[in-house]
Amino acid sequence: MTNEFVLEAITREFPDSVISHSEPYDFLTLEIKKEDIKKVIHYLRDSSLEIQFLTDICGIHYPENPEKEIGVIYHLHNLMTNFRIRLKVFMPKENAEVDSMTDLYAGANWMERETFEFYGVKFKGHPDLRVILNMEDIDYHPMLKEYRLEDGTRTDKDDKMFGR
Amino acid sequence: MSDNKPIIRMDAEPPEGFEGEGFFATKLSSVIGMARKFSLWPLPFATSCCGIEFMAVLNPTYDASRFGMERNSFSPRQADMLMVCGTISKKLGPVLKQVYTQMAEPKWVIAVGACASSGGIFDTYSVLQGIDKIIPVDVYVPGCPPRPEQIIEGVMQVQALCEGESIRRRDLPEYKNLLESYGIN
């Protein structure tokens, strides 16, 4: 399986869903319309492409790009041919919501909880979307690039000494 | 180096008192303090690198047993010296607090290493910036991680504390206020 082959298969099947594509480090990367991501992943799993393994779901935050501020990134893997593909969806920060993959991949459950916890992305159809790694009463999404990197509760450090 | 060998004294000095033929009289608190000093039971709360150094304290080279802390208690019920060795995340904070509250009085707390004392290098959203945010600490051991000698020094500081303190110190209003400020009791 080559990048060209898979890219052609996807664009033939979903001509309107693929927003852009690139191959950084020979890694086929597609940006997919938010509404269609579940269809595409379902197709990759069940078609003859057999890209059946969900390696990772994670989030990303681009605060300087309000239209595509929050991203969710899917890594998929065909274990037979060792072919990997990366799919990205982007959405504005307000009411960031994307379809859950939990009914396609059981392993998506924890990854989506983690993405929700750290980026605030809601996953439509997720059975149990709540915080998984931090304390339950955390009231913010720590990986959004809108917080100071350091904990403001710290009292033992004089910023002058650290050149800040 | 051979001149440098530490002299380990296994015989404790008796507390001050009146001595005569066949009797020795002293304060009860001195006797109890001495007993407490040489029978501390540590509860190791080890989460990371400092925990490994603490394990080294227990091995024959450093031999914590000679302080009377032979038995490491992994239950808070009978332990009286809580040794927090390592990074405590905010999620783990309530657990640590529960362990502390379940220990019976009198109890002492050692914060071993930079993380337990101040959050260390982990100046982030998930790490508690020092266990003294949630429980009172008696002795801070600096280092990242501290060497076993430093942990032993910390233990000896606790020994000095419990030897010197009155048996009723923990009933004092100051102590109660301290605990209250942490929301304990």
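Rings of Phe, Tyr and Trp (its six-membered ring) count as a pair if their centres lie within 6.5 Å, with planes under 30 degrees apart called stacked, over 60 edge-to-face and the rest tilted. By that criterion the structure holds three aromatic pairs over all chains. This is a predicted model, in which local features need pLDDT of at least 70 and side-chain atom pairs count only at pLDDT 80 or more, while totals for chains, interfaces and linings use all residues. Residues are numbered from 1 along each chain as its sequence is written, chains are lettered from A in the order in which they are written, and side-chain values use heavy atoms, with hydrogens and water left out.

**Aromatic pairs**

Select Phe14(A) and Tyr43(A): their ring centres are 5.4 Å apart and their planes stand at 80°, so the pair is edge-to-face. Phe14(A) lies in the loop between helix H1 (3-13) and strand E1 (18-22) of chain A and Tyr43(A) in helix H2 (residues 37-46) of chain A, so the pair ties together parts that are 29 residues apart in sequence; helices (H or I, at least four residues) and strands (E, at least two) are DSSP runs, numbered from the N terminus. Both Phe14(A) and Tyr43(A) are buried, where buried means under 20% relative accessible area, exposed over 50% and partly exposed in between (1.4 Å probe, protein chains only).

Next select Phe118(A) with Tyr125(B), an edge-to-face aromatic pair at 5.9 Å centre to centre and 75° between the planes. Phe118(A) belongs to helix H3 (residues 108-119) of chain A and Tyr125(B) to the loop between helix H4 (113-118) and strand E6 (139-141) of chain B, so this pair joins two chains. Phe118(A) is buried at 9% relative accessibility, whereas Tyr125(B), at 25%, is partly exposed.

**Charges in chain B**

Move to Trp41(B), where Arg71(B) lies over the face of the ring at 4.4 Å from its centre; the criterion is CZ of Arg or NZ of Lys within 6 Å of the ring centre and within 35 degrees of the ring normal. Lys107(B) likewise lies over the face of Tyr100(B), at 4.3 Å from the ring centre.

Then pick Arg36(B), in helix H1 (residues 28-37) of chain B. Arg36(B) is buried yet has no salt bridge, and the nearest side chain of opposite charge, Glu165(B), is 4.2 Å away; a salt bridge needs a side-chain nitrogen of Lys or Arg within 4 Å of a carboxyl oxygen of Asp or Glu, and Lys and Arg count as positive, Asp and Glu as negative, with His and the chain ends not counted.
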